[in-house]
Amino acid sequence: MIRLDKYLADMSVGTRSEVKRLIKNGMVRVGDEVVRKAEYKIDETKDIVHIGEKQISYVKEEYYMLNKPAGVVSATEDMLHRTVIDLIDSKKRKDLFPVGRLDKDTEGLLIITNDGALSHRLLSPKKHVDKTYYAKINGKVTSYTVEQFQRGVNIGTDEDPEITKPGVLEILASGDQSEIRLTIQEGKYHQVKRMFQAVGMEVAYLKRESMGNLKLDPTLNIGEYRTLTKEELESLK
Ligand code: URA
């Protein structure tokens, strides 16, 4: 059961005070009855709520997979830039957030949801969830780099070292510019970029390909999104 004003505000009908005004003005029907009390309790699994002709159905949780483009920020609000939430046109809820952050210039898999428990499970360092990235690297990545990443590299300073947990580095192409796939379980700020910096190289392009059991859908173009399937959601839980 949920208050009528919260029900409407959750579904992005308006702010809490805007929806209170709508209710007071007799604009909202529950079943056949006009309800004028904001605190009226709705059974969100059964009750049918209308504003005028428009039915407002309730969605408790939303789960999206976004192929994040470069140039948008992994935040819910930003004064200057478009956010990943702005890209989800079909969202119902107003409380969606990205599960973790990708840098502004990073592309690829980002989960967008309002499920805080799922987010915690995926991001908690204790859960050791694999994150796999594809990257183009300015520099020659060699089997020595693979060993360095396997041992852990210092992404801190000499005075204040911060040694990464082992990362699994796969070389896809080795040359002046190399292509790699890297799987890590940590998610420190700029982690992949700092790991390559630590071995004297620079990430020129970065894309996340998977998180836990969830793989970026290859049919999603950059900037496109879709809802997670039941199976995908199960595999994350
Ligand atoms: N590591 C980075 O450096 N940037 C990202 O966006 C994700 C991982």
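**Side-chain briefing**

F196 counts as buried, at 0% relative accessibility. The model is predicted. It holds four aromatic pairs, and the count of salt bridges comes to 16. Selected cases follow.

**Aromatic pair F149 and F196**

- F149 and F196 form an edge-to-face aromatic pair. The ring centres are 4.9 Å apart, and the planes stand at 65°.
- An angle over 60 degrees counts as edge-to-face, so the 65° of F149 and F196 puts this pair in that class.
- F149 lies in helix α4 (residues 143-151), while F196 lies in helix α5 (residues 191-198). The pair therefore ties together parts that are 47 residues apart in sequence.
- F149 is buried, with a relative accessible area of 0%. F196 is buried as well, at 0% relative accessibility.

**Aromatic pair Y64 and Y225**

- The structure holds four aromatic pairs. In one of them, the ring centres of Y64 and Y225 are 5.5 Å apart. Their planes are at 80°, so this pair is edge-to-face.
- The pair links distant parts of the chain. Y64 is in strand β7 (residues 63-68), Y225 is in strand β15 (residues 225-227), and the two are 161 residues apart.
- Y64 counts as buried, with 3% relative accessibility. Y225 is partly exposed, with a relative accessible area of 22%.
- The cut-off explains the two labels: buried means under 20% relative accessible area.

**Charge over a ring**

- K136 lies over the face of Y205. The distance to the ring centre is 5.4 Å.

**Salt bridges around D5**

- R3, D5, R16 and K20 are linked in a network of salt bridges.
- The D5 and K20 pair links distant parts of the chain. D5 is in helix α1 (residues 4-10), K20 is in helix α2 (residues 16-24), and they are 15 residues apart.
- D5 counts as buried, at 0% relative accessibility. Its two partners named here are labelled otherwise: R3 is partly exposed at 30%, and K20 is partly exposed at 38%.

**Salt bridge K193 and D103**

- K193 forms a salt bridge with D103, and the closest N and O atoms are 2.8 Å apart.
- K193 lies in helix α5, and D103 lies in the loop between β8 and β9 (107-113). The pair therefore ties together parts that are 90 residues apart in sequence.
- Both K193 and D103 are buried.
- Helix α5 also holds F196, which pairs with F149.

- I85 sits in the loop between β7 and β8 (97-98).
- I85 is buried, with a relative accessible area of 8%.
- Leaving out residues up to four places away in sequence, I85 touches A75, T76, K91, L96, F97, P98 and I112.
- I85 and V34 are 51 residues apart in sequence. In space they are 33 Å apart, C-alpha to C-alpha.

Note on methods. Residues are numbered from 1 along each chain as its sequence is written. This is a predicted model: local features need pLDDT of at least 70, side-chain atom pairs count only at pLDDT 80 or more; totals for chains, interfaces and linings use all residues. Side-chain values use heavy atoms; hydrogens and water are left out. Rings of Phe, Tyr and Trp (its six-membered ring) pair if their centres lie within 6.5 Å; planes under 30 degrees apart count as stacked, over 60 as edge-to-face and the rest as tilted. Helices (H or I, at least four residues) and strands (E, at least two) are DSSP runs, numbered from the N terminus. Buried means under 20% relative accessible area, exposed over 50%, partly exposed in between (1.4 Å probe, protein chains only). A charge sits over a ring if NZ of Lys or CZ of Arg is within 6 Å of the ring centre and within 35 degrees of the ring normal. Contact means heavy atoms within 4.5 Å. A salt bridge is a side-chain nitrogen of Lys or Arg within 4 Å of a carboxyl oxygen of Asp or Glu.
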